[in-house]
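The sequence and structure are shown first.

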Amino acid sequence: MSQLETGFEFPAGVVEPEYDLWSGDVNIDPTGIFAEVGEADNAWRAKARKFILDEVKDDIHEYWDKADYPLHLLKKLGDADLLRDGLNLEGYEEMSPLAAGLVNMEMARGDGSVSTIVGVQGGLALRSVLYCGNAQQIEKYAIPMLRGELPGAFALTEPTHGSDSVSLETRATKVEGGYRLSGEKKWIGNGSVGGVSIVWARDDEGKVRGFIVHQHAEGYKATTIENKLSLRAIWQAHIRMENVFVPDHDVMPEAKSFKDTSRVLFATRLGVAWSAVGHATACYESAVSYAKQRVQFGRPLAASQIVQERLARMQSELATIQVLVMQATKRETSGELTGPQASLAKYTATRTARAIAANARDLLGGNGILTSNRVARHFADVEAIHTYEGTETVQALIMGRDITGFSAFA
């Protein structure tokens with residue numbers, strides 16, 4: 001029956017509109033600091049943003065909800081040359097530290113899991129082989145990783161050694177033709193998807209060495225970690241290795257001590273800070289967009305004084321970490337970035353991103369807990385980046401040692 005026949009008129013005011021939280025019309029550069037970025041670096045940023053909008057935006061929340069890994073994106077990222085994290089190779093377009101930071105920012109602005117895929121594949125696994133491998137290993141493993149054809153994992157953290165990863169206990173025993181590895185690793189991104197793992201283990205002399213381990217090798221067992229709150233669209237593994245054989249040609253010759261491991265980690269710390277800026281940006285722009293579109297008490301939320309104060313606070317916090325990571329990147333480019341400065345950037349950026357995410361989540365009210373509304377995923381994912389690549393406490397102790405001259409590490 002028609003509306004005229006029944007006399008019934010459905011109340012239009014109860015139908016919730018669809019909120020556009022990806023509109024792109026929010027000013028996310030309040031100090032104009034990105035206006036100083038050169039054309040080449042901006043091109044890398046634009047490429048990353050386009051990838052997110054074309055390949056990630058529409059369905060990433062479904063992968064996140066299901067804890068499913070969109071592994072097909074790895075090859076697409078390789079095809080777009082977005083897996084390099086500032087690593088430069090002959091025959092490839094130059095990527096500056098700033099370009100790498102901007103790519104990390106845009107990836108995290110799109111989704112934390114996708115950003116972590118780039119960080120694991122390029123920032124850690126690929127970098128390990130390029131820094132510590134020989135020419136044959138670079139050709140056999142690094143180039144396919146770069147192209148997204150070979151998943152790569154960075155297996156350092158152990159179930160009993162996280163922040164004190166320098167105390168790792170996985171053993172590498174020399175045998176004829178290679179080494180036998182035994183031990184466990186935990187929280188290893190890409191460790192259970194069928195590629196290779198860069199495993200850090202102690203040899204017979206107690207020195208930390210780096211090994212390229214095929215994940216289908218006998219004795220290598222990887223279980224995908226379930227029930228995660230954060231980064232649900234990338235798989236981390238709990239790995240158990242029992243007498244896994246690694247031939248000599250898969251032992252990285254320049255990985256001779258934990259200093260070599262630390263060199264890889266140091267190079268990625270600033271990238272995590274840039275990722276935090278990306279998460280904060282997504283939350284801020286979503287909050288502004290929502291406040292303009294959501295009507296309560298007969299007017300948009302954005303017309304309320306308290307909402308404007310909260311948005312101003314978020315803008316101030318976002319601008320602070322943007323300026324901080326930009327300055328740190330300038331020092332990285334000139335070769336002057338110190339460990340404590342990188343820690344300061346990571347410590348401040350992730351702490352601040354958490355605050356912005358919490359504020360944005362609350363401002364969206366009930367809609368703020370829906371993963372399809374963007375903020376909820378970032379709210380959860382920023383918890384992971386606040387912890388990985390060095391927890392807040394570890395970063396604070398590095399900074400504290402630099403401030404006081406006294407080491408508080410055990």
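## Contact between α6 and α8

In this predicted model, residues G112, S115, G123, L124, R127, S128, Y131 and C132 of α6 meet D260, R263, V264, L265, A267, T268, S275 and H279 of α8. By class, the contact of α6 with α8 comprises six nonpolar, seven polar and three charged residues.

The axes of helix α6 (residues 112-132) and helix α8 (residues 258-293) come within 10 Å and cross at roughly 160 degrees. Because angles over 145 degrees count as roughly antiparallel, α6 is roughly antiparallel to α8. The crossing in which α6 passes α8 is right-handed.

## Helix α5

Helix α5 covers residues 97-110, 14 residues in total. Helix α5 is mostly covered, with 13 of its 14 residues buried.

## Residue D381

D381 lies in helix α11, which comprises residues 375-387. D381 counts as buried because its relative accessibility is 0%, and buried means under 20%.

Leaving aside residues up to four places away in sequence, D381 touches W64, D111, G112, S113, S230, L231, R232 and H279. Among these neighbours of D381, G112 and H279 also belong to the contact of α6 with α8, G112 in α6 and H279 in α8. The C-alpha atoms of D381 and H216 are separated by 30 Å, and these two residues are 165 residues apart along the chain.

Note on methods
Residues numbered from 1 in each chain as written. Predicted model: local features only at pLDDT ≥ 70, side-chain atom pairs only at ≥ 80, totals over all residues. Heavy atoms only, no water. Helix = DSSP H or I, 4+ residues; strand = E, 2+ residues; numbered from the N terminus. Expected span 1.5 Å × (residues − 1). Buried < 20%, exposed > 50% of the residue type's maximum accessible area, 1.4 Å probe, protein only. Axes fitted to C-alpha atoms, helices over the stretch in contact; angles between N-to-C directions. Parallel < 35°, antiparallel > 145°, perpendicular 65-115°, else oblique. Left-handed = near helix turned anticlockwise from the far one by under 90°. Contact = heavy atoms within 4.5 Å. Nonpolar A, V, L, I, M, F, W, Y, C, P; charged D, E, K, R; others polar.
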